[in-house]
Amino acid sequence: MEGVSAGFRKELVSKLLHLHFKDEKTKVSGDALLLVAELLKIFVVEAATRSARQAQAEDLACVGVDQLEKVLPQLLLDF
């Protein structure tokens, strides 16, 4: 599928990047979009894994937002 990498559409990644640019005319190359999409994929997989471990530690059968909120601080420090 063209325009899809790591599960994130190029348009979404582009919009996320442009939220942090001060100059609206800033251009982002296709390679940069693919790289950021791959980083997003890694971040999301790591967050899901850590949340699942947190749910297991709490003897829960299902991962919820509460478990994600508990692991986000440590996840953000690692990146």
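**Briefing: helices, salt bridges and surface**

Glu 58 is partly exposed, with a relative accessible area of 27%, where buried means under 20%, exposed over 50% and partly exposed in between, using a 1.4 Å probe and protein chains only. The side chains of Glu 58 and Lys 70 meet in a salt bridge at 2.7 Å, N to O, a term that requires a side-chain nitrogen of Lys or Arg within 4 Å of a carboxyl oxygen of Asp or Glu. This is a predicted model, in which local features need pLDDT of at least 70 and side-chain atom pairs count only at pLDDT 80 or more, while totals for chains, interfaces and linings use all residues. Residues are numbered from 1 along each chain as its sequence is written, and side-chain values use heavy atoms, with hydrogens and water left out.

**Salt bridges**

- The structure holds three salt bridges, among them the pair of Glu 46 and Arg 50, whose closest N and O atoms are 2.7 Å apart.
- Glu 46 and Arg 50 both belong to helix H2 and are four residues apart, about one turn of the helix; helices are DSSP runs (H or I, at least four residues) numbered from the N terminus.
- Within this pair, Arg 50 is buried at 15% relative accessible area, whereas Glu 46 is partly exposed at 27%.
- Another salt bridge joins Arg 9 to Glu 11, with the closest N and O atoms 3.3 Å apart; Arg 9 is exposed at 52% and Glu 11 partly exposed at 45%.

**Helix H3 and its cover**

- Gln 67, Val 71 and Leu 75 are the buried residues of H3, and what covers them includes helix H2 (30-57).
- Ser 51, found in helix H2, is buried at 4% relative accessibility and, leaving aside neighbours within four places in sequence, is in contact (heavy atoms within 4.5 Å) with Val 63, Gln 67, Leu 68 and Val 71.

**The loop between H2 and H3**

- Asp 59 lies in the loop between H2 and H3 and is exposed at 72% relative accessibility.
- The phi of Asp 59 is near 55°, a positive value in a residue other than glycine.

How values were computed:
Helix = DSSP H or I, 4+ residues; strand = E, 2+ residues; numbered from the N terminus.
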